[in-house]
Amino acid sequence: MNSYFSSGKNDKSTWFKVIDGIVANDADMFFNALYQAITNHPAYVIASDMEDERKNTILGAMLKQFEIKEEFEKCAAINKIKKQIKIC
């Protein structure tokens, strides 16, 4: 496993595949953990070097998950962060 992540490449697509795999296995756990991280440190999301399109894709998936579970207070917090991404 160590060689998988230490290939010496800075390949973001590898990390995207890992994240997509985690989402597929337990979306609820992943999105709740991610929600805690981004609401405690929104500046990391807003100012990160990840493409805005990818940020919005992930945040959109989170919104869908929380809408299905009727956790609308989480949706409001995510939408607030999405608006800040557009401003920057």
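**View 1. The protein chain in overview, with a secondary structure of six helices and zero strands.** In this predicted model, the elements follow one another from the N terminus as α-α-α-α-α-α. Of the 88 residues in the protein chain, 26% are buried. Among the contacts that have a separation of 6 or more, 58% join residues 24 or more positions apart.

**View 2. The packing of helix 5 against helix 6, with axes 9 Å apart and an angle of about 165°.** Because an angle over 145 degrees counts as roughly antiparallel, helix 5 is described as roughly antiparallel to helix 6, and the crossing of these two helices is left-handed. Helix 5 contributes Asp52, Lys55, Asn56, Leu59, Gly60, Met62, Leu63, Phe66 and Glu67 to the contact, while helix 6 contributes Phe72, Lys74, Cys75, Ile78, Asn79, Ile81, Lys82 and Ile85. By class, the residues of this contact comprise nine nonpolar, three polar and five charged.

**View 3. The crossing of helix 3 (residues 27-40) and helix 6 (residues 72-87), whose axes come within 11 Å.** The two axes cross at roughly 50°, which makes helix 3 oblique to helix 6, and the crossing is left-handed. On the side of helix 3 the contact is made by Asn32, Tyr35, Ile38 and Thr39, and on the side of helix 6 by Glu73, Lys74, Ala77, Ile78 and Ile81. Five nonpolar, two polar and two charged residues make up the contact of helix 3 with helix 6.

**View 4. An aromatic pair formed by tyrosine 35 and phenylalanine 66.** The structure holds two aromatic pairs, and in the one shown here the ring centres of tyrosine 35 and phenylalanine 66 lie 5.7 Å apart with the planes at 75°, so the pair is edge-to-face. Because tyrosine 35 belongs to helix 3 and phenylalanine 66 to helix 5 (residues 52-68), the pair ties together parts that are 31 residues apart in sequence. Tyrosine 35 and phenylalanine 66 are both buried.

View 5. When neighbours within four places in sequence are left aside, lysine 74 is in contact with Asn32, Tyr35 and Phe66. Two of these contact residues, Tyr35 and Phe66, are the partners of the edge-to-face pair. Lysine 74 is also listed among the residues of helix 6 that make the contact with helix 3, as well as among those that make the contact with helix 5.

**View 6. Alanine 61 in helix 5.** With a relative accessibility of 31%, alanine 61 counts as partly exposed. The C-alpha atom of alanine 61 is separated by 9.5 Å from that of alanine 27, although these residues are 34 residues apart along the chain.

**View 7. Glutamate 70 in the loop between helix 5 and helix 6.** The phi angle of glutamate 70 is near 55°, which is a positive value in a residue other than glycine.

Technical notes: Residues numbered from 1 in each chain as written. Predicted model: local features only at pLDDT ≥ 70, side-chain atom pairs only at ≥ 80, totals over all residues. Heavy atoms only, no water. Axes fitted to C-alpha atoms, helices over the stretch in contact; angles between N-to-C directions. Helix = DSSP H or I, 4+ residues; strand = E, 2+ residues; numbered from the N terminus. Parallel < 35°, antiparallel > 145°, perpendicular 65-115°, else oblique. Left-handed = near helix turned anticlockwise from the far one by under 90°. Contact = heavy atoms within 4.5 Å. Nonpolar A, V, L, I, M, F, W, Y, C, P; charged D, E, K, R; others polar. Phe/Tyr/Trp six-rings, centres within 6.5 Å; stacked < 30°, edge-to-face > 60°. Buried < 20%, exposed > 50% of the residue type's maximum accessible area, 1.4 Å probe, protein only.
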